[in-house]
Amino acid sequence: MDYLQRVLHTFNGGNWYGWKKEDDNGNKIPNSERMQYQHIKIIKDGATMPSEAEVNAKIQELKDAETANTNARITGKAKLKSGDALTDAEIKALFGE
């Protein structure tokens with residue numbers, strides 16, 4: 001699953017959206033282009049569309065967290081080799097919770 005879909009699932013309790021098959025003019029949207037913010041459609045009653053800025057901010061948060069986890073794994077491995085103490089983040093990155 002790509003970042004957009006992973007983030008969209010964090011809004012409205014998950015499974016609230018689908019992808020439009022046609023644009024506003026009735027033209028078919030190619031499958032390779034459908035999974036974009038502008039082609040989201042709400043399919044769950046009561047769900048609200050997050051703004052594109054909110055979605056992009058969540059995507060950046062997810063990317064930042066993945067980068068931090070990767071960095072913690074790298075430094076944690078180096079510390080294990082050198083005998084230095086690990087931080088909690090490094091322990092979690094290496095061994096999980």
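What share of the contacts in the protein chain with a separation of 6 or more comes from residues 24 or more positions apart? The share is 41%.

## Fold and dimensions

This is a predicted model. The protein chain holds four helices and two strands. Along the sequence they run α-β-α-β-α-α.

The radius of gyration of the protein chain is 19 Å, whereas a compact globule of 97 residues would have one near 13 Å. Along the principal axes, the C-alpha atoms fill a box of roughly 65 × 30 × 20 Å.

## Burial and surface

Buried residues make up 25% of the 97 in the protein chain.

## Charge

The protein chain carries 14 positive side chains and 15 negative ones. The centres of these two sets lie 6 Å apart.

## A look at Ile91

Ile91 sits in helix α4, which covers residues 88–95. Is Ile91 buried, exposed or partly exposed? Its relative accessibility is 35%, so Ile91 counts as partly exposed. The band for that class lies between the buried limit, under 20%, and the exposed limit, over 50%.

Leaving aside residues up to four places away in sequence, Ile91 touches Leu86 and Gly96. Lys77 is 14 residues from Ile91 in sequence. In space, the C-alpha atoms of Ile91 and Lys77 are 9.6 Å apart.

Conventions
Residues are numbered from 1 along each chain as its sequence is written. This is a predicted model: local features need pLDDT of at least 70, side-chain atom pairs count only at pLDDT 80 or more; totals for chains, interfaces and linings use all residues. Side-chain values use heavy atoms; hydrogens and water are left out. The radius of gyration is taken over C-alpha atoms; the globule rule is 2.2 Å times the number of residues to the power 0.38. Buried means under 20% relative accessible area, exposed over 50%, partly exposed in between (1.4 Å probe, protein chains only). Contact means heavy atoms within 4.5 Å. Lys and Arg count as positive and Asp and Glu as negative; His and the chain ends are not counted. The place of a charge is taken as NZ of Lys, CZ of Arg, CG of Asp or CD of Glu.
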